[in-house]
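Thanks for making the time this morning. I would like to take you through one model, and I will keep to a few local features.

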Amino acid sequence: MEIETGVEKEKKQILWFKDIIKKDVALVGGKNASLGEMFSNLTSLGVNIPNGFALTSTAFWDYLQYNGIDQKLAGFFEKLDCKNLKSLKQTSKQARDLVMKGSFPKEMEKEILAGYRKLGEYYKERNAGVAVRSSATAEDLADASFAGQHETYLNVFGKEALLSAIKKCLSSLYLERAFVYREEKGFDHLKVALSVCVQKMVRSDIASAGIMFTLDTESGFRDIVSISSIYGVGELIVKGRITSDQFYVFKPTLKMGKKSIISKTLGRKEKKYVYSKKGGLKETAVPAKDQSEFSLTDEEIIKLSKWACQIEDHYQNPQDIEWAKDGKTKELFIVQSRPETIHSLERKAQEYQEYEINPKSEPIVNGIAVGNKIGQGKVRIIPNVAQISQFKPGEVLVTNMTDPDWMPVMRTASAIVTNEGSKTCHAAIVSRELGTPCVVGTKNATKILKQGQEATVDCSQGSGKVYAGKIPFAVKKYDLQKLPQIKTKIMLNVGTPDSAFKASFLPNSGVGLARVEFIFADKIKVHPLALYNFNKIKDKKLKSSIEKMSLGYADKKDFFISKLSEGIAQIGAAFYPKPVIVRFSDFKTNEYKALIGGLEYEPEESNPMIGWRGASRYYDENFQPAFEMECQAIKRVREEFGLSNVWTMIPFCRTVEEGKKVIKIMAENGLEKGKDGLKIMVMCEIPSNVVLADQFLEIFDGMSIGSNDLTQLTLGLDRDAGFIAKIGNEQNAAVKELVKKAIRACKEKGKYCGICGQAPSDYVDFAEFLIEEGIESMSLNPDSVMRTIFQLSKKNNE
């Protein structure tokens, strides 16, 4: 395909996508340059891009000169003070009024309408519906997105409507929020031009639309595609007035041909934007049945993810992509792609930052975390943008949702909390760029938080939490360039999937203990046997509660397997291809009983710590169906998602015979030891595991020492009883002797031996003892990794 170049191109007022390349930013703005680049290079590879044309920056300057506007603007801007709301509003109105009162030069108008006619002929439509989008010449750059700063008009049809929409786009260069953003980024107001995109509309109003990133927006983890999806036109996602469906796809195994959708989260899609007969959009309710279903099929998720990878490969950097599905043709389309602006730039210093906070009470508001910082201040609840003048710098901004008009106060907030929204809404995008902690999708923050109360907004632990009062916290920074070397492998203890991507940036050799209990308690919340026996439940209230928890899943067993496999997969993907050792569920009866429906299936025990837990559950006929579902979840992770780095571990295995029974059940459910590299470990946390270590190692691939349980069972302590527990810890000579014997047994057999208790992070002396004995790995909680490494290094140098 021949692409027009040279001086003649710069003089043109209209350019079609086929004639535009990515170097044309100064001529057509970032958005149009990207659309042209993709249309010219990726449509031949199967990526669908709706056709269109751009009104160039040359046309913009010609319009200003033709109407004598350019000379007047300089006078307005000399008096502009972006920190003064009155000055900002006045200058914005004066500039926009000038543009709106102007008229198109005759030749320009003629060329625009000829282009519109030609686009209709291309799609065989008279008065074709188009999207009219702004594309500033300083927009969609790697270090400045200008997200939502300028206007977009959708479902525009007819000559008069098109010309009006273009004029409104041109005037939006002088919106208050655009002035503020340009000043923050150091752009000269008089030197930025605005190009306009006229693109065929995709009928997503009768299907779905959304946004996708080619990395995790919070941590910068680059091996996933993150997709947000809603019903109808995608503007509601950006406006944050809805919580979208969310999907994660793991890129490395996607490229191997695996169906690697490692996470699916159902959003609250109560409303959508559809076409208005008069042009533009109107809001309508989503039927209840559709709300409880995902807005994309698995096949569509995979297709979009493959396109995202192609686009990222073409541009050679992470992308922020808008997509839409046509409800008439059922085809998917890419309607925009821009550089991701937060993580795509190389960090100047390789630094790891930790936040230490120890709240004494539960959060009063929960939601989706944006970023990983902590913010504090007085709560300022603002119902609508008309009241933003009430906001004072340093306060916590609380509202239903923000849009670009909120920019003047967002940049001075200590934190932002919204009722609605997802990771791709306006509040999230802007907060991420500002580096401001933000919690979105809380549902009810404006009702629970009180005007003027002190609050702490914590995004440092993977999920968004708001606490009452100012909670003390500390920030620790570590220079990864000066990281000391120690003699043994450092692995991690990971239990929360949401924190896995961030934790992967720590120095590590994989995950020595992936706990599934958090997934049970926070993602599933229902006793596995209550899901397995769902159709037999007679208690209507209980059944309704389970139904609500498992929306989108007709088969409740599939809900359990899906949620468990997705949680494990997030951890497995974060550390791929390093080993991730997943311990099967080790809840005790009192903990299982706390799950929804748990009372029906759990006995009363006087000492659950040494009761029906671990391996003894798995082969018990009363619990075996639940264990088999766990096995099926792991099988799905390894085979369907392609995460063969996920291994398994059996906890609290009292006898070798128990171990054999469990391994047999696993094999019957598709988890055969040694097949496709599957390793099965055993927790070494009972004295019998050490006494008969040789026999246990005959059937298992290695041991992971659980120092907490091994300590209490060696010394006869109850670790939950503080006045008894203080008698001894891992430093006790008897415990050390057992640990030493376990390590030696593994060495003699050539089997893996690690430790996943908390001792190494709390007692440097014990960690040194483990290293001296030749332990293969120490598995630490993420928040203690850096501290332990530096403490060990410091002690060795003394």
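This is a predicted model: local features need pLDDT of at least 70, side-chain atom pairs count only at pLDDT 80 or more; totals for chains, interfaces and linings use all residues.

Residues are numbered from 1 along each chain as its sequence is written, and side-chain values use heavy atoms, with hydrogens and water left out.

Let me begin with helix α27, residues 707-715, and helix α29, residues 733-749, whose axes come within 9 Å and cross at roughly 125°. Helices here are DSSP runs of H or I with at least four residues, strands are runs of E with at least two, and both are numbered from the N terminus. The axes are lines fitted to C-alpha atoms, for helices over the stretch in contact, and the angles run from 0 to 180 degrees between N-to-C directions. Angles under 35 degrees count as roughly parallel, over 145 as roughly antiparallel, 65 to 115 as roughly perpendicular and the rest as oblique, and α27 and α29 are therefore oblique to each other. On the α27 side the contact, meaning heavy atoms within 4.5 Å, is made by Leu710, Thr711, Thr714 and Leu715, and on the α29 side by Ala734, Val735, Leu738 and Val739.

The second pair is α2, residues 25-41, and α12, residues 298-315, which pack at about 105° with their axes 12 Å apart, and which are therefore roughly perpendicular to each other. Ser34, Glu37, Met38 and Asn41 of α2 meet Ile311, His314 and Tyr315 of α12 in this contact.

The largest cavity is lined by 19 residues, with Arg133, Val233, Gly234, Ala324 and Val335 nearest its centre. Among the elements that each supply at least two residues of that lining are β3 (130-136), α9 (235-239) and β12 (319-325).

Finally, the backbone: tyrosine 576 and proline 577 are joined by a cis peptide bond, with omega about 5°, and proline 577 is found in the loop between α20 (556-575) and β25 (580-583). Lysine 330, a residue other than glycine, has a positive phi near 65°, and lysine 330 is found in the loop between β12 and β13 (332-339).

Definitions and conventions: On a 1 Å grid over the protein atoms alone, a cavity is a set of points where a 1.4 Å probe fits but cannot get out, and a pocket is an open set with protein on both sides within 12 Å along at least five of seven lines; lining residues have an atom within 4 Å of a point.
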